[in-house]
Amino acid sequence: MHISEGVLSPTVLITGAAVAAVGVGIGLTRTDYDRLPKVAVLSAVFFVASLIHVPVGPASVHLILNGICGIVLGWAAFPAILVGLTLQALLFQYGGLTTLGVNTVIMATPAVVFGYLGRFFLNSDKFALRAPAEFVIGSGAVLTSGLIVAMALIFTGESFTAAAKLIIAAHIPIILLEGVITVFLVEFVRKTKPDFFIEA
């Protein structure tokens, strides 16, 4: 879901950079020293999950796992995802430095929103309540990321409308897969390290 350089308008790039800066700032102020290893681990998980790309127009399809980042990190998902995206841009030329702000907003904003929305259900002792919430967090975060990509392209120019629709359609399998992966990962971590999910 990385948007390449040279695609977006200056207005979209500047807006994305500003929103990302605010999100990263909030994330850093809410991250104490003891939580840095957890942020680093989730940044690495995001980095590795996003390495396998299938090109789709001006963007690409790949696992994101931003729902997991949001559940575990809360606002700290912004700096974690920013680090992962920066390394991908510098090491593998995925995305780019000029689109770093927009790409951070695309992946981190849904992570934070769905992570916080799902916390009530994730604390439940009933699997029947947790599992659907975990699925919605994982799939909803990716769906929302796709919608933000589409909006960024459409705000750049009407000529990108077809590409925006294609990106949403191409991500449908990823949306479903991320929901299932999120359920399995969250339930596994709950059993092996139940104190891993703390308020962020």
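Glutamate 134 counts as buried, because its relative accessibility is 0%. Buried means under 20% relative accessible area, exposed means over 50%, and partly exposed lies in between, with a 1.4 Å probe and protein chains only. The model is a predicted one, in which local features need pLDDT of at least 70 and side-chain atom pairs count only at pLDDT 80 or more, while totals for chains, interfaces and linings use all residues. Residues are numbered from 1 along each chain as its sequence is written, and side-chain values use heavy atoms, with hydrogens and water left out.

Glutamate 134 sits in helix H7, which spans residues 127–156. Helices (H or I, at least four residues) and strands (E, at least two) are DSSP runs, numbered from the N terminus. Setting aside residues up to four places away in sequence, glutamate 134 touches Leu122, Gly179, Thr182, Val183, Val186, Glu187 and Arg190. Contact here means heavy atoms within 4.5 Å. One of these residues, valine 186, is 52 residues from glutamate 134 in sequence, yet the two are 7.4 Å apart in space, C-alpha to C-alpha.

Side chains of opposite charge can pair when their charged atoms come close. A salt bridge is a side-chain nitrogen of Lys or Arg within 4 Å of a carboxyl oxygen of Asp or Glu. By this rule there are 2 salt bridges. Glutamate 134 forms one with arginine 130, and the closest N and O atoms are 4.0 Å apart. The two residues are separated by about one helical turn, because they are 4 residues apart in helix H7. Both glutamate 134 and arginine 130 are buried.

Glutamate 187 also forms a salt bridge with arginine 130, with the closest N and O atoms 2.8 Å apart. This pair links distant parts of the chain: glutamate 187 is in helix H9 and arginine 130 is in helix H7, 57 residues apart. Glutamate 187 counts as buried because its relative accessibility is 10%. Arginine 130 is buried too, with a relative accessible area of 8%. Through shared partners, the salt bridges join Arg130, Glu134 and Glu187 into one network.

The next topic is the nonpolar interior. A nonpolar core is a set of buried Ala, Val, Leu, Ile, Met, Phe, Trp, Tyr and Cys residues joined through side-chain atoms within 4.5 Å. The largest such core has 44 residues, and Ile3, Leu8, Leu73 and Ile81 touch the most other members. Helices that each supply at least two residues of this core include helix H1 (10–29), helix H5 (100–117) and helix H9 (172–192). Leucine 8 is in contact with Ile3, Leu13, Val102, Ala152, Leu153 and Thr156, leaving aside neighbours within four places in sequence.

Leucine 65 lies in the loop between strand S2 (59–61) and H3. Apart from neighbours within four places in sequence, leucine 65 is in contact with Val45, Ala49, Glu178 and Ile181.

Aromatic rings are also paired in this model. Rings of Phe, Tyr and Trp (its six-membered ring) pair if their centres lie within 6.5 Å; planes under 30 degrees apart count as stacked, over 60 as edge-to-face and the rest as tilted. By this rule there are 3 aromatic pairs. Phenylalanine 47 and phenylalanine 92 form a tilted pair, 6.0 Å centre to centre with 40° between the planes. This pair links distant parts of the chain, with phenylalanine 47 in helix H2 (residues 36–49) and phenylalanine 92 in helix H4 (residues 77–92), 45 residues apart. Phenylalanine 47 counts as buried at 15% relative accessibility, whereas phenylalanine 92 counts as partly exposed at 38%. The rings of tryptophan 75 and phenylalanine 78 are stacked, because their centres are 5.9 Å apart and their planes are at 20°. Ring pairs also link Phe47, Phe92 and Tyr94 into a cluster.

Phe92 belongs to a surface feature as well: together with Val83, Leu87, Leu90, Leu91 and Leu97, Phe92 makes a nonpolar surface patch of about 550 Å². Patches are made of residues with over 30% relative accessible area and no salt bridge; like charges are joined within 9 Å, and nonpolar side chains (Val, Leu, Ile, Met, Phe, Trp, Tyr) within 5 Å. Valine 83 is found in helix H4 and counts as partly exposed, because its relative accessibility is 43%.

Key
Accessible areas come from the Shrake-Rupley method with a 1.4 Å probe; for residues, only the protein chains shown count as cover.
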